[in-house]
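Open the model in your viewer and keep the selection panel at hand. The stops below say what to select next and what is there.

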Amino acid sequence: MTYANLQMRVAATEQKGLHELIQKTIDSVEAGITVIERKSGRKPKVEETNGVKKDPMKRSLMEIIIGALIFVVPFVASHAHLVNEGPSWASVLFVIAYIILGGKVLKTAASNIRRGQWFDENFLMAIATLGAFVLGVYSGTWEFDEAVGVMLFYRIGEYFEQKATAQSRSQIMNAVDMRPEVVNLVKGDDVEVIGAEEAVVGDIVMVRPGDRIPLDGVIVEGESRIDTSPVTGEPVPVKAGVGDSVISGCVNTSGVLKMRVEKPLEDSMVTRILDSVENAAASKPQIDRFITKFSRIYTPIVVLAALAVAIIPSLLALGGIRLPMVAAMHPELADYVQYWITTALTFLVISCPCALVLSVPLAFFAGIGAASKKNILFKGGIAIEGLKNVKSVVMDKTGTITEGNFVVQQVCQAPDKAYSENELLALAASAEMTSTHPIGTSIVAAAKEQGLDVVSPETMEELAGRGIKALCKGKEVLAGNRKLLEEAGVDLSAYVKEGFGTEVLLAIDGRYAGAVVIADTIKKDAPGAIKKIKSLGILTAMLTGDAKDSAEDVAKKTGIDEVHAKLMPQDKLAHLMQIREKHGNVMFVGDGINDAPVLAGADVGAAMGSGADAAIEAADVVFMTSAMDAIPEAIDIAKATNRKAWQNVWFALAIKIIVMILGLCGYANMWVAVFADTGVSMLCLLNSFLILKRK
């Protein structure tokens, strides 16, 4: 059960009859709750009865208002001395107000006791307030204002707690819940509106300008610009046309599109994002599990302490031994005993574990929400907790630090300079004109950008693993690696390696003419992100399968501390373990299929949202923007979340201890105790959701 998102998840190997079993189990705990099966990632419908939505919050508010109005009348009358001591109409009104306000608490406490769950806030409030009723009768005043007043303010505090939590939870979930209710299904010349969960792979769906892309698919008709910022954070809309893939959650900004559904609703990006947030809230970090166990020990201890406070001083008083300070305030034996019983009841109220139990999950849920608003998806509280202790950030190069696209960086002439740089690039592009290799494509793109004369080759032969042999503009052109030119008998004595990256050597009519240097481009935010990471006292390292000189050039330009190049996937994992042994907990950031083992092996694995599905599945954190800035941002949010969680814990414990001490000294009654308990819960909640206000 996850309080932060009000969900209970059940895992089972056999699903047959599970729905009925869950319903039966819940009915044994609390009546009136209906289990609704959630189909295909569809938003569950709000349950209605006779056309009226069931809203437990409204019912609670009505009970509080009615109970408070009834409570005020005898309370004012008693304090204005309009009612004599002893049973009276005021006593009856107090009892009626208590039943309205405390009925739910008493019923829940009784139900929990039957199931063996004694030490929860319902049981403690029930015992404390019923004890106050007994003291009212015992004293002969028959004034029950304290019992009813404590229950009233407990219910008010509980209501605002639930209201604030629900509102914050709703804001977070609505921010990430981009699932469509309906889609426009194209059937011939007609368009039919159907439920999003009814669309299947292969359906043709129409997306009008301004609409959100409903499902993952491929454009089959139309052209538009797509705003991907809701999913990737990229602010500039991208052009998309026939054959381009589009992901759900993005917005169609201009033209009408028809797209073929490639993934149903439950597998589309919008559902995956929502599931990530929901699953993250359900994944409890160590501190949460510790507080849950601690409260199970803490509450019984305080209850036993309350019994000791009620019994031991009273027994000592019967034997003639009294504490001087209390005896001076209450010289009569009956008053002295009543004082200690009242103090014990105060202990019961302040021992309610609400603030402790809620403080941690609310902080982590707020952290998950704050991250999701910045397109960072934490897959669990464990990931947030793990980032707090990271001592080194290890990254893949291609697609993580770099853009993952080949770009011509430099054109190098041979020493004789028989051909200009433009002539070399134009000939190389002509030779690569029909090639589908990424390197060839980048050369052609660079030549066209410069407006050079690029023509289709008269003949072209692609030599696997070596390059291309082509006849362009009447010249025989060899474009490839050193091995290709050596096999053709080209003299390479004049060749000098220049720059970093992949080189395409060029020979024209049997003579070495120069080279085109191609390299991946470094992400614009990479140097700044690396600087931010290092400012946190965290080591940065790069693991890559690329050549050493290329890797070292990227590291030099970005400021990365350590470089390990020419690594196979299994070598990356070995180097990661070495870095962990040397520096401590490690975070790995990658995007490729070959990064999946390293992501799984790191203390915290993070994947770029533009990466392979295998990497995203293996990661603990997903950066939907694929931006390097997301790395220090995630670490910063994680550290802030952990700080808030511990602030809440220590604050709640400190207030409870202070009120207990004040109660022993006679300076705090049950009113103060209930204010302290519900007040601390509210302050912890507000402190947690300050994370959402971070810029």
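Select Lys187, which is partly exposed at a relative accessible area of 47%; buried means under 20% relative accessible area, exposed over 50%, and partly exposed in between (1.4 Å probe, protein chains only). The side chain of Lys187 meets that of Glu192 in a salt bridge, 3.2 Å from N to O. The term stands for a side-chain nitrogen of Lys or Arg within 4 Å of a carboxyl oxygen of Asp or Glu. Glu192 also counts as partly exposed, at 36% relative accessibility.

This is a predicted model, in which local features need pLDDT of at least 70 and side-chain atom pairs count only at pLDDT 80 or more, while totals for chains, interfaces and linings use all residues. Residues are numbered from 1 along each chain as its sequence is written, and side-chain values use heavy atoms, with hydrogens and water left out.

The structure holds 15 salt bridges. Side chains of opposite charge can pair when their charged atoms come close.

Go to helix 16, residues 482-487. Helices (H or I, at least four residues) and strands (E, at least two) are DSSP runs, numbered from the N terminus. Glu486 and Arg482 form a salt bridge here, at 2.9 Å from N to O. These two residues are four apart in the helix, so about one helical turn separates them. Glu486 is partly exposed at 46%, and Arg482 is partly exposed at 39%.

Next, select Asp553 and Lys557, whose closest N and O atoms are 3.2 Å apart in a salt bridge. Both lie in helix 18, four residues apart, about one turn of the helix.

**Around helix 18**

Stay on helix 18 and show residues 548-558. Its buried residues are Ser550, Ala551, Asp553, Val554, Ala555 and Thr558. What covers them? The cover includes helix 13 (397-401), helix 17 (526-535), strand 14 (402-413), strand 19 (511-522), strand 20 (539-543) and strand 21 (562-564). Just after the helix, look at Gly559, which takes a positive phi of about 90°.

Now colour the open sheet of seven strands, whose order is 12-24-23-22-13-20-21 and whose pairing is mixed. Two strands pair if DSSP finds at least two bridges between them. Strand 12 (376-378) and strand 21 each have a single partner strand, so one side of each is left without a neighbour in the sheet. From one strand to the next the twist averages 20°; axes here are lines fitted to C-alpha atoms, for helices over the stretch in contact, and angles run from 0 to 180 degrees between N-to-C directions.

Move to strand 13, residues 392-395. In a regular strand the side chains alternate between the two faces of the sheet. Ser392 and Val394 are on one side of strand 13, Val393 and Met395 are on the other, and all are buried. Strand 13 runs parallel to strand 20, joined by four bridges, with Met395 opposite Met542. Strand 13 also pairs with strand 22 (residues 586-590) in the parallel sense, again over four bridges, and Val394 stands opposite Phe588.

**The nonpolar cores**

A nonpolar core is a set of buried Ala, Val, Leu, Ile, Met, Phe, Trp, Tyr and Cys residues joined through side-chain atoms within 4.5 Å. Select Phe378, Val393, Met587, Phe623 and Ile631, which touch the most other members among the 97 residues of the largest core. Helix 22 (residues 630-664) supplies the largest share, 12 residues.

Which residues does Ile631 contact, leaving aside neighbours within four places in sequence? They are Val393, Met395, Ile533, Met587, Val589 and Phe623, where contact means heavy atoms within 4.5 Å. Apart from this core lies another, of 28 residues, including Leu427, Ala429, Ala431 and Val477.

For the last stop, select helix 14 (residues 421-431), where eight of 11 residues are buried. Those buried are Leu424, Leu425, Ala426, Leu427, Ala428, Ala429, Ser430 and Ala431.
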